[in-house]
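Please look through the structure shown here, and then follow the questions and answers below.

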Amino acid sequence: RILSFFSTAMGDDDAKGTGPMPEDGADTPEHTASAAEKKLGQMNKPLKDTLSLYKTEIDDMLSKLEGILPHAGIVGQQPLRDVWIVRFLVASHWKVDEAADKFRQMVAFRERYKMDEVRAKFEDGTMTMEDIPGFKEHFKCCPDTFRLVSGDAKDGSPIVVSRVTKWDFDEYYKLDQDMEDQFQYHQMEYMMWRIDKLCVESEMLRGNVKIIDLDGVTLSMRGVMKQNAAKRKERYERLGANLEVMYPEMVSKINIVNAPSFVAILWWAAKSFLQQRTIDKTVIVRQQGTKEALLNLIDAKVLPEDLGGEFKGNYAMGDASG
């Protein structure tokens with residue numbers, strides 16, 4: 001239940017059971033870089049440095065994918081090829097065989113659900129966020145946002161806000177499954193489309209800044225959190241793909257804010273089940289420290305008022321405008 005609490009709130013399945021990864025600096029059979037060098041290849045580091053440092057692993061990965069890359073669509077071609085190759089290697093802690101296998105799964109997923117066509121619609125404007133299947137229905141139940149309407153973080157990273165404690169789970173579970181499945185992979189593609197553009201422009205591996213607002217959370221919510229985690233696994237079985245595996249390394253920072261004291265205790269217990277890269281990205285902040293922590297990352301005019309900023313508009317998707 002501890003793990004399901006955080007996997008629901010964080011929106012991922014980054015448990016060690018899904019593919020353990022040593023801490024930064026730990027040697028693997030495929031690379032013996034120093035602890036300092038291991039910091040490269042992570043978020044907000046120059047991509048060219050990563051490509052140089054891990055040339056052996058990347059060349060090996062390209063060799064293993066030689067037959068599939070020409071048929072992998074946009075993710076198999078530059079300028080995105082190297083970005084996606086590095087993403088999968090980072091997520092697999094530079095274990096080439098594991099990364100190559102997941103990359104093949106991703107290509108099959110993109111072909112099955114025609115994700116290149118979806119992205120092309122985002123590119124040419126024929127599909128907006130509001131046109132995503134199930135957009136209105138989802139956000140009527142879940143007052144979150146996967147693109148903060150007021151702007152981006154100080155470093156240009158897109159901002160995602162999750163307010164799972166405000167979800168109407170009873171109504172959420174009544175949503176048509178096929179519609180919600182489509183919503184989930186369309187929103188993932190939309191977020192990665194924006195991140196990919198940022199990666200290419202900055203020549204760095206970039207990701208979302210994710211804010212998880214736990215205002216009002218209680219221990220009694222553990223049951224519904226566990227149920228939601230189970231529902232998400234059922235979705236992945238229907239889709240034949242784990243969306244977090246198909247879209248790795250989408251988040252650069254995770255800020256769990258307005259956290260009551262018991263959340264810190266649950267986090268301490270959950271850490272032994274989570275991958276080190278997720279732990280390193282995550283900061284848990286009590287209510288009195290939320291404003292200061294978020295203003296270090298986000299300008300006051302962008303940060304919503306209820307999170308300590310100056311933006312007074314409604315930022316929940318489906319309601320927000322601007």
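Q: Is D97 buried, partly exposed or exposed, and with what relative accessible area?
A: Buried means under 20% relative accessible area, exposed means over 50%, and partly exposed lies in between, using a 1.4 Å probe and protein chains only. D97 has a relative accessible area of 48%, so D97 is partly exposed.

Q: With which residue does K64 form a salt bridge?
A: This is a predicted model in which local features need pLDDT of at least 70 and side-chain atom pairs count only at pLDDT 80 or more, while totals for chains, interfaces and linings use all residues. Residues are numbered from 1 along each chain as its sequence is written, and side-chain values use heavy atoms, leaving out hydrogens and water. A salt bridge is a side-chain nitrogen of Lys or Arg within 4 Å of a carboxyl oxygen of Asp or Glu. With the closest N and O atoms 3.0 Å apart, the partner of K64 is D97.

Q: Which helices hold R235 and D181, and how many residues apart in sequence are the parts that the pair ties together?
A: The side chains of R235 and D181 meet in a salt bridge of 3.2 Å, N to O. Helices (H or I, at least four residues) are DSSP runs, as are strands (E, at least two), and they are numbered from the N terminus. R235 lies in helix α11 and D181 in helix α10 (residues 177–202), so the parts tied together are apart in sequence by 54 residues.

Q: Is R235 buried or exposed?
A: The relative accessibility of R235 is 8%, and therefore R235 counts as buried.
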